[in-house]
Each structure stands twice: as structure tokens, then as C-alpha cells.
Amino acid sequence: MTEVRHVNLEAGYPTADAAVKRLTYELHTSRHLGYKAVKLIHGYGSSGPGGRIRVEARAYLARLLRRRQLAMILTGEQFSIFDQATRDAFALCGELRRDSDLDRHNNGVTFVIL
């Protein structure tokens with residue numbers, strides 16, 4: 001079984017609120033199914049649905065992290081072999097080493113370590 005689940009929050013062009021509700025569901029389901037990490041595709045548009053989803057999703061994830069409901073969050077911008085948090089995430093989920101966004105500084109994705 002794969003360790004990383006991919007979730008496209010932009011699919012269907014939802015509102016930011018609908019995307020965060022889906023995010024809640026996907027995190028719960030991913031944990032239940034035994035995944036170690038979730039790669040969220042949320043887009044990065046400066047305005048419109050993509051940018052709004054990114055901002056709202058990351059704010060929601062930060063709240064979950066503060067409540068210790070998540071192990072770690074990595075933004076696509078920081079997802080690099082030169083980043084210590086990324087290397088720490090590799091220890092928890094080795095499959096992340098093979099992700100196509102490694103060292104691409106993609107601010108349209110976020111990685112969640114469950």
C-alpha cells in the first residue's frame with residue numbers, strides 16, 4: 001500500500017468553505033485507512049478559488065497542528081531536501097522522497113503528516 005494519499009481540493013471548483021469541509025473528511029478517512037501522509041493540491045492563485053482555498057486550508061491545518069491532531073505540515077514552498085522539516089518528514093514517511101514536487105517550490109500544494 002502506498003503511504004501518501006493525494007487529494008485535489010480544487011476539483012470541481014468548490015468554495016473555500018466546501019474545500020475545507022472536504023479536507024476534514026479526507027484527513028479523517030486517510031487516517032482511518034492507514035496512510036502516513038496526505039498531499040493536498042489546492043492551487044496558489046493570488047485571487048479566486050485557488051488562492052482562497054490555499055489560505056483557508058493552511059489556516060485550518062495550522063489550527064489542527066496547534067491542537068496536536070497532526071504530526072507535521074509542509075508547504076510546497078519549503079518541500080526541499082535542504083529543509084530540516086522535510087528531512088524529518090522523510091523519517092516518518094519515506095515515500096515522500098519520491099514525490100514529483102520535491103525541490104520544485106510549488107506553493108500550490110501542502111503535505112500533511114498524519
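Figure 1. Phe79 and Phe111 are both buried, where buried means under 20% relative accessible area, exposed over 50%, and partly exposed in between, with a 1.4 Å probe and protein chains only. The model is predicted: local features need pLDDT of at least 70, side-chain atom pairs count only at pLDDT 80 or more, and totals for chains, interfaces and linings use all residues. Residues are numbered from 1 along each chain as its sequence is written, and side-chain values use heavy atoms, with hydrogens and water left out.

A search of the whole structure gives 2 aromatic pairs. Rings of Phe, Tyr and Trp (its six-membered ring) pair if their centres lie within 6.5 Å; planes under 30 degrees apart count as stacked, over 60 as edge-to-face and the rest as tilted. Phe79 and Phe90 form an edge-to-face pair, with 6.4 Å centre to centre and 80° between the planes. Phe79 sits in the loop between β3 and α3 and Phe90 in helix α3, 11 residues apart, and the pair links these distant parts of the chain. Both Phe79 and Phe90 are buried. Phe79 and Phe111 form a stacked pair, at 4.0 Å centre to centre and 25° between the planes. Because Phe79 belongs to the loop between β3 and α3 and Phe111 to strand β4, this pair ties together parts that are 32 residues apart in sequence. Phe79, Phe90 and Phe111 make up one aromatic cluster.

**Figure 2. The open sheet of 4 strands, in the order β1-β2-β4-β3.** Pairing in this sheet is mixed; two strands pair if DSSP finds at least two bridges between them. Helices (H or I, at least four residues) and strands (E, at least two) are DSSP runs, numbered from the N terminus. β1 (4–8) and β3 (72–75) are at the edges with a single partner strand each, so one side of each has no neighbour in the sheet. On average, neighbouring strands of the sheet are turned by 20° against each other, direction ignored. β2 (residues 37–41) pairs with β4 (residues 109–113) in the antiparallel sense over 5 bridges. Across this pairing, Lys39 stands opposite Phe111, and Val38 has Val112 as its bridge partner. β3 and β4 are also antiparallel, over 4 bridges. Met72 stands opposite Ile113, and the bridge partner of Leu74 in β4 is Phe111.

**Figure 3. Side chains of β3 and β4.** In β4, 5 of the 5 residues are buried, so the strand is largely enclosed by the rest of the structure. Val109, Phe111 and Ile113 point one way from β4, and Thr110 and Val112 the other way. In β3, Met72 and Leu74 point one way and Ile73 and Thr75 the other, and all are buried.

**Figure 4. Helices α1 and α3 against the sheet.** Helix α1 (residues 16–33) lies across β1, β2 and β4 and runs at about 165° to β1. Helix α3 (residues 84–92) lies across β3 and β4, at about 125° to β3. Axes are lines fitted to C-alpha atoms, for helices over the stretch in contact, and angles run from 0 to 180 degrees between N-to-C directions. The buried residues of α3 are Thr86, Ala89 and Phe90. They cover an arc of only 105° around the axis, which puts them on the same side of α3; the arc is that of the directions from the helix axis to the C-beta atoms. Among the elements covering these buried residues are β3 and β4.

**Figure 5. The nonpolar cores.** A nonpolar core is a set of buried Ala, Val, Leu, Ile, Met, Phe, Trp, Tyr and Cys residues joined through side-chain atoms within 4.5 Å. The largest has 18 residues, and Leu9, Leu23, Leu27, Leu40, Leu61 and Val112 have the most contacts inside it. α1, β2 and α2 (49–66) each supply at least two of its residues, and α2 gives the most, with 5 residues. Apart from this core lies another of 13 residues, among them Met72, Leu74, Cys93 and Leu96.

**Figure 6. Surroundings of Leu102.** Leu102 is in the loop between α3 and β4 and is buried, with a relative accessible area of 17%. Not counting residues up to four places away in sequence, Leu102 touches Phe79, Ser80, Ile81, Thr86, Phe90 and Arg97, where contact means heavy atoms within 4.5 Å.
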